[in-house]
Amino acid sequence: MTINWASLGIVAAFSLVVGVLVVVLVSLALVGLSAREPDPAGEPADEALVIGRGSGGLSRAGGTAVAAVCLLGAAAIVSYGLYLLVV
Amino acid sequence: MDISVIIVVVILTALAFDFTNGFHDTANAVATSIATGALKPRTAVLIAGILNLVGAFLSVQVAKTISSGLVDEAKITPTVIFAGLVGAIVWNLLTWLLGLPSSSSHALIGGLIGATCVAAGADAVKFAGLIGKVLLPAVLAPIIAGLIALIATYLAYRITARAAKGTVTKGFKLGQIVSASMVSLAHGTNDAQKTMGIITLTLITAGALPADAGPPFWVIVSSGLAIALGTYAGGWRIIQTLGMRVSKIQTAQGFAAGTSTTAVILTSSHLGFPLSTTQVATGSIFGAGAGRGVASVHWSIARQVAVAWLLTLPAAAAFGAVSAWVAATGPVGTIVVVVVLIGLAGGIYAASRRRRVTADNVNDVNGPSQSVDLAA
């Protein structure tokens with residue numbers, strides 16, 4: 001029996017980094033976009049548990065910049081995923 | 001039986017399996033998007049169906065054969081492939097009736113193993129390969145995906161806890177649509193290729209294609225269409241299980257689950273360590289549920305899913321073995337298997353009508369559709 005533990009380890013580690021990174025980037029982008037709202041300190045999303053502190057103090061321009069950078073990063077990762085699918 | 005007749009039977013059975021594969025696995029991509037309202041049910045399965053079809057054309061690398069490394073391929077005949085497909089179809093239909101997500105690939109492997117045992121003896125099965133290719137990934141895939149989804153969900157809630165509710169919900173819904181689309185595309189690429197591989201192998205076995213041939217265009221088109229139509233048919237019962245019964249999924253969880261599934265599937269496929277899409281997606285959804293609070297997950301559903309996963313290989317093998325035994329008696333035996341398969345499928349469909357789950361009530365777990373509680 002041959003189990004390719006190295007490949008499995010890479011799958012786990014790479015997936016963990018990429019999967020979590022995309023979610024974090026999108027979350028940060030949404031925090032940035034929230035700064036553009038009239039009342040950024042609104043209620044938490046859905047009826048979720050409030051399990052931490054969010055953003056605060058971001059200007060509209062700052063929020064937009066954060067959102068743009070984060071979304072670009074997430075889009076780059078998604079594009080790479082598409083590339084892996086096609087190639 | 002005339003070789004050309006059995007070839008036609010195998011091709012039709014492979015396409016039937018492809019169809020069941022499609023509707024059985026629709027939930028992997030769209031269950032959470034439907035549950036959170038990111039996509040309307042019909043829209044979700046339409047998008048998933050189209051992307052499965054597109055995915056079937058994306059890669060030119062044909063899956064050599066799903067049986068590679070698991071059984072002695074020299075002993076695989078069209079009849080063995082037919083019987084294996086029958087075993088997989090029966091298991092797919094039964095688990096669909098129960099609303100349980102189980103791996104179509106593992107069902108196919110089980111069916112082929114059972115059929116091979118009957119046709120060529122147990123010596124033709126490489127049990128060592130079974131552990132490395134099926135059993136170990138079956139245990140690890142949901143754990144890895146679940147862990148990623150759990151961490152991602154926790155961070156998503158933590159980061160956006162005080163952000164504007166409307167913006168966050170809308171943003172995560174858009175993210176869900178993107179991740180669901182990626183999973184659909186990957187599913188079309190991986191799973192449609194398996195059916196193409198089976199049909200191509202059958203044609204090679206029959207001498208209709210040279211040994212190193214790729215799939216003819218009609219094989220690519222028919223396989224892609226079969227899985228796309230199956231996906232569009234929407235395995236609503238499994239969608240309901242994954243979207244509504246595991247946990248009350250919210251947009252952040254749906255996005256985290258979809259992203260985790262996409263990351264694991266794409267990485268594993270690219271590195272040559274293919275994992276079951278179903279098991280990855282299911283693990284992700286449980287992980288995303290736990291990321292909001294372990295108590296929010298209905299663990300009784302997890303137990304049922306685990307039992308289904310444990311039974312997939314032996315049950316499909318048993319169905320495949322019986323089919324191979326009957327089909328080996330000759331043309332009449334093959335016809336009997338086909339007739340019994342059609343009868344079973346009809347019976348399962350009729351049974352499903354007693355508790356219908358459709359696009360209209362897929363998110364309704366408290367209504368009449370809940371008369372049979374999986375968790376009971």
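This is a predicted model: local features need pLDDT of at least 70, side-chain atom pairs count only at pLDDT 80 or more; totals for chains, interfaces and linings use all residues.
Helices here are DSSP runs (H or I, at least four residues), strands are E runs of at least two, and both are numbered from the N terminus. B:Ser105 and B:Thr312 are 207 residues apart in sequence, yet their C-alpha atoms are 9.8 Å apart in space.

Now for chain A. It has two helices and zero strands, and 39% of its 87 residues are buried. Take the contacts in chain A with a separation of 6 or more: 79% of them come from residues 24 or more positions apart. A contact means that two C-beta atoms, placed from the backbone, lie within 7 Å.

How do the two chains' helices meet? Helix α1 (residues 5-34) of chain A and helix α5 (residues 127-160) of chain B have axes that come within 9 Å and cross at roughly 20 degrees. The axes are lines fitted to C-alpha atoms, for helices over the stretch in contact, and angles run from 0 to 180 degrees between N-to-C directions. Among the residues making this contact are A:Leu8, A:Gly19 and A:Val31 of α1(A), with B:Leu140, B:Ile148 and B:Thr160 of α5(B). By class, there are 17 nonpolar, four polar and no charged residues; Ala, Val, Leu, Ile, Met, Phe, Trp, Tyr, Cys and Pro count as nonpolar, Asp, Glu, Lys and Arg as charged, and the others, Gly among them, as polar.

Helix α2 (residues 60-86) of chain A packs against helix α6 (residues 165-205) of chain B at about 10 degrees, with the axes 11 Å apart. The pair α2(A) and α6(B) is therefore roughly parallel. A:Val78, A:Gly81 and A:Leu85 meet B:Val178, B:Met182, B:Leu185, B:Ala186 and B:Thr189 here.

Within chain B, α5(B) also packs with helix α10 (residues 277-291), at an angle of about 35 degrees and with axes 6 Å apart. B:Ala288 belongs to α10, and it counts as buried because it has 35 C-beta neighbours inside 10 Å. Leaving out residues up to four places away in sequence, B:Ala288 touches several residues, including B:Ala149 and B:Thr153.

Finally, the largest nonpolar core has 148 residues, and B:Val30 and B:Ile148 have the most contacts inside it. Such a core is a set of buried Ala, Val, Leu, Ile, Met, Phe, Trp, Tyr and Cys residues joined through C-beta atoms within 7 Å. Its largest share, 17 residues, comes from helix α1 (residues 3-36) of chain B.

Notes. Residues are numbered from 1 along each chain as its sequence is written. Chains are lettered from A and ligands numbered from 1 in the order in which they are written. A residue is buried if 20 or more other C-beta atoms lie within 10 Å of its own, exposed if 12 or fewer, and partly exposed in between; C-beta atoms are placed from the backbone. Angles under 35 degrees count as roughly parallel, over 145 as roughly antiparallel, 65 to 115 as roughly perpendicular and the rest as oblique.
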